[in-house]
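Let's take a walk through this model together, one region at a time. Have the sequence and the 3D view at hand as you read.

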Amino acid sequence: MAAPIPWLDEDADAPFPTASTAMRDPDGLLAAGGDLSHRRLLNAYRRGIFPWFSEGQPILWWSPDPRIVFRTSAVRLSRRFRRQLRESPWRVRADTAFDAVVMACASAPRRGQSGTWITTEMREAYCRLHRLGHAHSVEVFDGDTLVGGIYGVAVGRMFFGESMFSGCPGGSKVALSGLAHRLAEWKWPLIDAQVENAHLVRMGAESWPRDAFLEAVADLTAFDEPRAQSVLDSLLATSTLDTLLGSVVLPYLADLGDRWARGVATVAEEHFASSVVRGRLLGLARGWGRGLGPRIVLACAPGEQHDLGLIAFGLALRGRGWRIVYLGPDAPLDTVEESCRRLQPRLVVLSAVSARRVRPVVDQLRELATHQRLALGGAAAASSVAESDGVLLLTDGPIAEAARVTRLAGDGAPFDRQPGT
Ligand code: B12
C-alpha cells in the first residue's frame with residue numbers, strides 16, 4: 001500500500017517534508033493541505049516546491065524529478081522572429097498588468113488539459129504576492145491589447161515561472177525572452193519552468209535532476225552579502241553621508257521594520273539587512289573619536305540592543321566636527337558615568353527604542369543630569385523622563401537632531417532649554 005501524503009500543519013511557517021520523500025507516481029507529489037498564504041508560498045519556493053491542484057482538490061504541493069528550467073542566457077529568439085518583431089508594434093512591459101496576465105493564463109485554452117489549474121484561490125494568492133512585491137509579470141502589448149505574458153515569483157536571485165500565455169502566436173515566446181533577457185542582465189541565471197512539456201522544450205528548456213535544481217535554488221535564494229555590499233559601495237560613491245543616511249539607510253530600515261511587522265520580511269532577512277548596514281556604518285565610523293572637536297558620549301540604555309539610529313546620529317555629528325566616544329548597545333550606567341568623569345564630554349546621549357529600558361534607570365539619569373549635560377534619543381525619548389528633569393529630549397530623526405545639537409553647541413549656552421528648541 002502507498003504511504004499516505006503528509007498533510008501540512010496549520011502554521012504557515014511549519015517546514016515542508018524534504019523533497020526526496022516526494023512520490024514517484026505521480027512524480028513529485030510531496031504534501032497536501034495548508035494554505036496559500038504568502039509566508040507559506042515563499043517558504044515553498046525557497047525549497048523548490050510549488051502548489052498545483054485542480055478545483056475541488058485539496059492544495060497539493062510538488063517537487064518533481066527531473067525539474068525543467070531555462071538558463072536565462074540561453075533563451076533566444078530566432079533571427080527571423082526578431083526581425084519580424086522589430087517591424088511589429090508589439091511592446092514588452094513589466095508589472096503593468098499582473099492581474100490581467102494571471103487571468104489570461106487561467107483562461108488560456110491548453111491542448112491536452114481539461115480546465116486550468118489556476119483556480120480563483122490561486123489567482124487571489126498570486127495577486128496578493130504581487131502586491132507584496134514578490135510576484136511579477138512581463139506583458140506583451142499590441143497597442144492596448146495584451147497578446148502575451150508570463151508571471152512568477154522572485155526569491156533572492158531565482159525566478160520561479162508559474163505560467164505563460166499567448167493571445168497571438170509568439171506572444172508567450174516574446175514574454176519569456178523579455179523576462180530572460182532582463183534577468184540575465186541582472187545575473188539571475190535560472191527560470192524555473194516546473195514540469196516538462198513539448199512547448200517549453202522547443203523554447204530551450206532543460207531537464208535537471210531534482211537534487212541539482214534544489215542545490216541551485218538554495219544557492220540563489222540565500223542572502224547575497226557581496227551584492228548588498230556592492231549596492232552600498234555605489235551609494236557611498238555617489239552621495240554625501242547625510243543624504244546616504246537620511247534618504248537611503250534610515251528610510252530603508254524603517255521600511256524593513258514595517259515589512260517585518262507585517263510579516264513580509266523574515267526574521268532572517270531583518271537580521272541579515274540590519275547587520276550588513278550596521279557593519280558598514282561602523283566601517284564609516286572608523287576614527288570618529290579623533291580630532292579636536294567637542295566630545296560627545298553615545299550609549300544605548302542598559303538592555304537596549306537597537307543602536308542603528310544612534311550610530312547614524314554619531315556619523316551625522318562626526319560630519320559636523322564632533323569627536324565621538326561610542327559605548328555601544330546595552331551600556332551599564334556605571335560605565336556611562338565613569339566615561340563622563342574621565343572625559344568631561346560636552347554632551348552624553350543615551351538612546352532607547354523602548355521606554356522599558358529607560359524607566360528602571362530614571363532616577364540615575366536625573367542624578368547624572370545634575371552634573372552632566374544629558375540627552376535622550378530614539379523612540380523612548382518622548383517618555384519616562386521630562387525636559388524639566390534637565391534631560392534634553394531628541395525626538396526627531398538622527399540627522400535633524402545632529403544639526404540641532406550642533407547649533408545648540410555653537411550658541412554659547414549649549415543644551416540649556418531655550419525657547420523654541
Ligand atoms: C533592526 C531591528 C532589530 C535588530 C537591531 C540591530 C541593531 N544593532 O540596532 C535586532 C535583530 C538585534 C533586533 C532585536 C530585537 N528587537 Co528589534 N527591531 C529592528 C527593526 C526591524 C528596525 C529598527 C531600526 O534600527 N530602525 C532604524 C532606526 C533608525 O529607526 P527607528 O527605530 O524607527 O528610529 C527613528 C527614531 O526613533 C530616531 N532614532 C532612533 N534612534 C535614535 C537615536 C538618536 C540619538 C536620535 C537623535 C534619533 C534616533 O530615528 C528614526 C527616525 O529616523 C524594528 C522594527 C521597526 N518597525 O522599527 C524592530 C523593533 C525595534 N524591535 C523590537 C523588538 C521587540 C526586538 C526584540 C526585543 C525582540 C525580537 N523579537 O527580535 C530584540 C531585542 C533587542 C533589545 N534587547 O533591545 C520592537 C520594539 C518594540 C518596542 N517598542 O519595544 C520593534 C519595533 C519591532 C516590533 N514591531 O515589534 N531588532
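Which element supplies the largest share of the shell around the ligand? Before answering, please keep in mind that this is a predicted model. The answer is α9, which contributes eight residues to that shell.

Let's stay with the ligand for a moment. The ligand is surrounded by 33 residues, and the closest of them are Gly257, Gly309, Ser354, Gly377 and Gly397. Several elements each supply at least two residues of the shell: α9 (241-261), α10 (267-284), α11 (308-318), β14 (347-351) and α14 (398-410). Sorted by class, the shell holds 15 nonpolar, 12 polar and six charged residues.

Now turn to the sheet that involves β5 to β11. Here you will find an open sheet of seven strands with mixed pairing, and its order reads β6-β7-β8-β9-β10-β5-β11. At the edges lie β6 (90-94) and β11 (206-208), each of which pairs on one side only. From one strand to the next, the twist averages 30 degrees.

For a detail of the pairing, look at β9 (residues 158-166) and β10 (residues 190-194). These two strands run in the parallel sense and pair over two bridges. Within β9 and β10 you can pick out a facing couple, with phenylalanine 159 opposite isoleucine 191 of β10.

Two helices that pack on this sheet are worth a look next. Helix α3 (residues 98-107) touches β7 (135-142), β8 (145-155) and β9, and its direction makes about 100 degrees with that of β8. Helix α5 (residues 171-185) also packs on the sheet, with contacts to β5 (67-71), β6, β7, β8, β9 and β10. The direction of α5 makes about 40 degrees with that of β8.

Finally, follow α3 to its helical partner. How do α3 and helix α4 (residues 120-131) cross? Their axes come within 10 Å and cross at roughly 155 degrees. Angles over 145 degrees count as roughly antiparallel, so α3 and α4 are roughly antiparallel to each other. The crossing of the two is right-handed. On the α3 side, the contact is made by Phe98, Asp99, Val102, Met103 and Ala106, while α4 brings Arg123, Tyr126, Cys127 and His130. By class, this contact of α3 with α4 has six nonpolar, one polar and two charged residues.

Conventions. Residues are numbered from 1 along each chain as its sequence is written. This is a predicted model: local features need pLDDT of at least 70, side-chain atom pairs count only at pLDDT 80 or more; totals for chains, interfaces and linings use all residues. Two strands pair if DSSP finds at least two bridges between them. Helices (H or I, at least four residues) and strands (E, at least two) are DSSP runs, numbered from the N terminus. Axes are lines fitted to C-alpha atoms, for helices over the stretch in contact, and angles run from 0 to 180 degrees between N-to-C directions. Two residues are in contact if their C-beta atoms, placed from the backbone, lie within 7 Å. Angles under 35 degrees count as roughly parallel, over 145 as roughly antiparallel, 65 to 115 as roughly perpendicular and the rest as oblique. A crossing is left-handed if the near helix is turned anticlockwise from the far one by less than a right angle, and right-handed if clockwise. Ala, Val, Leu, Ile, Met, Phe, Trp, Tyr, Cys and Pro count as nonpolar, Asp, Glu, Lys and Arg as charged, and the others, Gly among them, as polar. A residue is near a molecule or strand if its C-beta atom, placed from the backbone, lies within 6 Å of it.
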